Amino acid sequence: MRGFWLLPILTLLPALVAHADDRTALIRMVRQDCGSCHGMTLKGGLGTPLTAQALSEKPGESLVATILYGRPGTAMPAWKTILSESDAQWIVGHLQEGFPEERR
Ligand code: HEC
């Protein structure tokens, strides 16, 4: 009956891995998709800089809203079909502290 214990572990594993992958995917997405406008180093390009220096003093909630709904009249698109509110909150929290590098 040793296999009995293996089953719950095997069913849990993908959930744990998927969660870790999620953040890796999110970091990559911000560096690449957001970076295409905000600059690969997020220091600005077509979009404004997304560095800790630029964002740490700004209210997080309004930055989350900018990401989810975009800024009408500017090139900043809405991401609500791709990102959840908690994704956007995670991104803003990390941008305000200095965004992590992509792990390779
Ligand atoms: C097509 C170009 C483009 C893409 C792609 C883009 N942005 Fe933007 N973003 C802009 C522009 C332009 C602005 C400045 C809008 C303005 O003038 O107020 C902006 C503004 C912002 C702001 C507000 C900055 C501030 O100082 O108030 C945040 C936060 C932001 N973007 C995050 C993101 C994130 C996160 C992504 C990826 C999920 C992203 N952007 C993708 C063009 C883009």
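Modeller: Helix 1 gives the most to the shell around the ligand, with six residues. This is a predicted model: local features need pLDDT of at least 70, side-chain atom pairs count only at pLDDT 80 or more, and totals for chains, interfaces and linings use all residues. Residues are numbered from 1 along each chain as its sequence is written. Helix 1 (3-38), helix 2 (52-55) and helix 3 (60-69) each supply at least two shell residues. Helices here are DSSP runs (H or I, at least four residues), numbered from the N terminus.

In total, 23 residues surround the ligand; a residue counts as near if its C-beta atom, placed from the backbone, lies within 6 Å of the molecule. The closest are Cys34, Cys37, Gly47, Thr74 and Met76. By type, the shell holds 14 nonpolar, six polar and three charged residues. Nonpolar means Ala, Val, Leu, Ile, Met, Phe, Trp, Tyr, Cys and Pro; charged means Asp, Glu, Lys and Arg; the others, Gly among them, are polar.

Leucine 42 sits in the loop between helix 1 and helix 2. Its phi is near 65°, a positive value in a residue other than glycine. Leucine 42 counts as buried because it has 22 C-beta neighbours inside 10 Å; the cut-off for buried is 20 or more other C-beta atoms within 10 Å, with C-beta atoms placed from the backbone.

Helix 3 also meets helix 4 (residues 85-97): their axes come within 9 Å and cross at roughly 125°. Axes are lines fitted to C-alpha atoms over the stretch in contact, and angles run from 0 to 180 degrees between N-to-C directions.

Note on methods
A residue is buried if 20 or more other C-beta atoms lie within 10 Å of its own, exposed if 12 or fewer, and partly exposed in between; C-beta atoms are placed from the backbone.
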